Amino acid sequence: MSTLEAVPLDQVIDTARYPLSELEGAEGQAVVTRARRELRAVGCTVLPDFIRPSLRDVLREECSAIAPRAHFDVETVNVYNIAVDSALPADHPGRRTFQRGNAFVARDRVPADSLISRLYSHEEFQRFIARCFGLPQLHELADPLSGLVLNVVAPGMEHPWHFDTNEFTVSMLTQQAQAGGDFEYCPNIRSADDERFDDVRDVLDGRGERLVRCLPLQPGDLQLFKGRYSLHRVSPVRGEVARHSAIFAYSERPGVIGSVARTRQLFGRVLPEHLAAEGRAVRGDRLLD
């Protein structure tokens, strides 16, 4: 049983700073306004100490306990998450490959009474996230594996440069690496209409310092991010401590389930729900990935 099972979320979240139940008030509107402004400008915003600092150790311990349940695999990938042998021009950035060595604990292996699971399903939290992204409503993924996951990046591993399939991501660092493991991103390096391959190539070749930002994160900080258009990575983890982060996946429409190929890639398995939903995905743009 989670040590936080009986603790109301308003004692877990710093509601004086982030009044989830009073978003129409002055303080609530100020938080939402700042988040929207930063998301619009650079595609990212951080809400520091979203989880009360006194509970950081509990958050870390809960997630550390389930980290061994992660599916781990080292793969050769590119930034677009497409086949590395795809027919692309010789100078195309999709031809650059990296070793991805991160791992994911699937939702069906995250205890329902854990802090991150309770937070993910909490209606006030969902309404708050939707408001920050300027959306009328958000839905939990119908996917039984990828709706809520714990990302584990072990020492010596990294999550190399990539774009997200979803337009937005909600995440929370739960354990820092001893060294390295920095979140780096290139705000709005592409758009729905322009891949900007030259800029992407510069970043991959180490010539894109002007485009890259490093984002300091602390355990318990909540990060909202538009990763569809911003190239990003977790730099190599060094030392003896893995980097852990919870990823809360939502969608603007109900019933979203991941593809069979992507699900097997992330979790090493698929369920009947994935097989039944195969081929029903609808894309909102014509970007490469």
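I looked up burial and found that 51% of the 289 residues count as buried, where buried means under 20% relative accessible area with a 1.4 Å probe, protein chains only. I noted that this is a predicted model, in which local features need pLDDT of at least 70, side-chain atom pairs count only at pLDDT 80 or more, and totals for chains, interfaces and linings use all residues. Residues are numbered from 1 along each chain as its sequence is written, and side-chain values use heavy atoms, with hydrogens and water left out.

I then listed the elements: the protein has eight helices and 17 strands, which are DSSP runs numbered from the N terminus (helices H or I, at least four residues; strands E, at least two). The radius of gyration, taken over C-alpha atoms, is 18 Å, close to the 19 Å of the globule rule (2.2 Å times the number of residues to the power 0.38), so the protein is as compact as a globular protein of 289 residues.

Next I turned to helix α7, residues 260–267, and wrote down its buried residues as Val 260, Thr 263, Leu 266 and Phe 267. Seen down the axis of α7, they fall within an arc of 140° (from the directions from the helix axis to the C-beta atoms), so they line one face of the helix. Their cover includes β2 (71–72), β5 (102–105), β7 (148–153) and α8 (272–277). Finally I checked what follows α7, and this is Gly 268, with a positive phi near 75°.

Conventions. Buried < 20%, exposed > 50% of the residue type's maximum accessible area, 1.4 Å probe, protein only. Contact = heavy atoms within 4.5 Å.
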